[in-house]
Amino acid sequence: MDGSTNHISIVTLNVNGLNSPIKRHRLVSWIKKTNPTICCLQETHLIGKDIHRLKVKGWEKIYHAHGPRKQAGVAILISNKIDFKTKLIKRDKEGHYILLKGTIHQQDITIINIYAPNNGAATFIKQILLKFKNQIDHNTIIMGDFNTPLSPLDRSSKQKLNKETIELNITINNLDLTDIYRIYQPSSNGYTFFSAAHGSFSKIDHILYRGSPFCSNFPKY
């Protein structure tokens, strides 16, 4: 097939609102520069009538979850370069997660894109994982802004993981999920967020997967 690809690359980004034309222009430029196959966005701050603002040339498949107000919002954009066929879509009414199950060139893939609320983030992520545990198979990728570090390495401070995060990690392990970043960067910090209030850095954006031969090229994700 012309324009098809034998591998896929997935990127995830918290855009912190896309109601500004300047920010949308920057997003389009970033997508074109990184040239991924699948793009997962968090905090779009778009409501139903504004979904057209997610349109990017060459990315006709757009899946979005949004609430009644201009807050939260998650989206999955899929490039025309791949032959993606949708099987199942599940999303919440507040725009905090979307599950997309389908096939790429006749091979199954499940993507769960999450934006956790600031309060109770670890418990929220745990509940989503348990909610969709029957959908999580060996071709599943879970990503997004978890709003919580998963390990002590994910904090610049010496603060220990709280009980909720420890329970989340137990759930992650029980579901046989792996933190991709820690596979290739076992001792690196790689912070993604700075808290001005606390003067500390943390890594709160994560990608988890339960891999299979289909996902054998995970450095590309």
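In which strand is the place of I104? The place of I104 is in strand β6, where helices (H or I, at least four residues) and strands (E, at least two) are DSSP runs numbered from the N terminus. This is a predicted model, in which local features need pLDDT of at least 70 and side-chain atom pairs count only at pLDDT 80 or more, while totals for chains, interfaces and linings use all residues. Residues are numbered from 1 along each chain as its sequence is written, and side-chain values use heavy atoms, with hydrogens and water left out.

## The chain as a whole

The chain contains four helices and 12 strands. Its radius of gyration is 17 Å, which agrees with the value near 17 Å that a compact globule of 221 residues would have; the radius is taken over C-alpha atoms, and the globule rule is 2.2 Å times the number of residues to the power 0.38. Along the principal axes, the C-alpha atoms fill a box of roughly 50 × 40 × 30 Å.

Of the 221 residues, 50% are buried, a term that means under 20% relative accessible area, with exposed meaning over 50% and partly exposed lying in between (1.4 Å probe, protein chains only). The accessible surface comes to about 11300 Å², and 50% of this surface belongs to carbon and sulfur atoms; such areas come from the Shrake-Rupley method with a 1.4 Å probe. Contact means heavy atoms within 4.5 Å, and among contacts between residues at least 6 apart in sequence, 61% join residues at least 24 apart. The chain carries 30 positive and 16 negative side chains, and the centres of the two sets lie 4 Å apart; Lys and Arg count as positive and Asp and Glu as negative, whereas His and the chain ends are not counted. Each charge is placed at NZ of Lys, CZ of Arg, CG of Asp or CD of Glu.

## Aromatic pairs

Rings of Phe, Tyr and Trp (its six-membered ring) pair if their centres lie within 6.5 Å, and planes under 30 degrees apart count as stacked, over 60 as edge-to-face and the rest as tilted. By this rule the count comes to three aromatic pairs. One of them joins Y63 and F84, whose ring centres are 6.1 Å apart and whose planes stand at 70 degrees, so the pair is edge-to-face. The pair links distant parts of the chain, since Y63 belongs to strand β3 (residues 61-65) and F84 to strand β5 (residues 84-91), 21 residues apart. Y63 and F84 are both buried.

Y97 and F132 also form an edge-to-face pair, with 5.5 Å from centre to centre and 80 degrees between the planes. Because Y97 lies in strand β6 (residues 97-104) and F132 in the loop between α2 (121-131) and β8 (140-145), this pair ties together parts that are 35 residues apart in sequence. Both partners have their relative accessible areas in the table below.

## Selected buried residues

| Residue | Relative accessible area |
|---|---|
| Y97 | 10% |
| F132 | 3% |
| S202 | 11% |
| A72 | 6% |
| L46 | 0% |
| I104 | 3% |
| H45 | 17% |

Leaving aside residues up to four places away in sequence, I104 touches I8, I38, I82, D83, F84 and I109. The list for I104 thus includes F84, the partner of Y63 in the aromatic pair described above. By contrast, the C-alpha atoms of I104 and G144, 40 residues apart along the chain, are separated by 21 Å.

H45 is placed in the loop between β2 and β3, and L46 lies in the loop between β2 (38-42) and β3. With neighbours within four places in sequence left aside, H45 is in contact with N16, G17, N19, K70, Q71 and A72. H45 and N16 are 29 residues apart in sequence and 7.3 Å apart in space, C-alpha to C-alpha. L46, with residues up to four places away again not counted, touches L18, N19, R53, L54, H64 and H66, whereas the C-alpha atoms of L46 and K33, 13 residues apart along the chain, are separated by 24 Å.

A72, one of the residues in contact with H45, is found in the loop between β3 and β4 (74-78). Its phi is near 55 degrees, a positive value in a residue other than glycine. N147, in the loop between β8 and α3 (163-174), likewise has a positive phi of about 55 degrees although it is not a glycine.

S202 is found in strand β11 (residues 200-202). Beyond its neighbours within four places in sequence, S202 is in contact with P149, D154, R155, Y191, T192 and F193.
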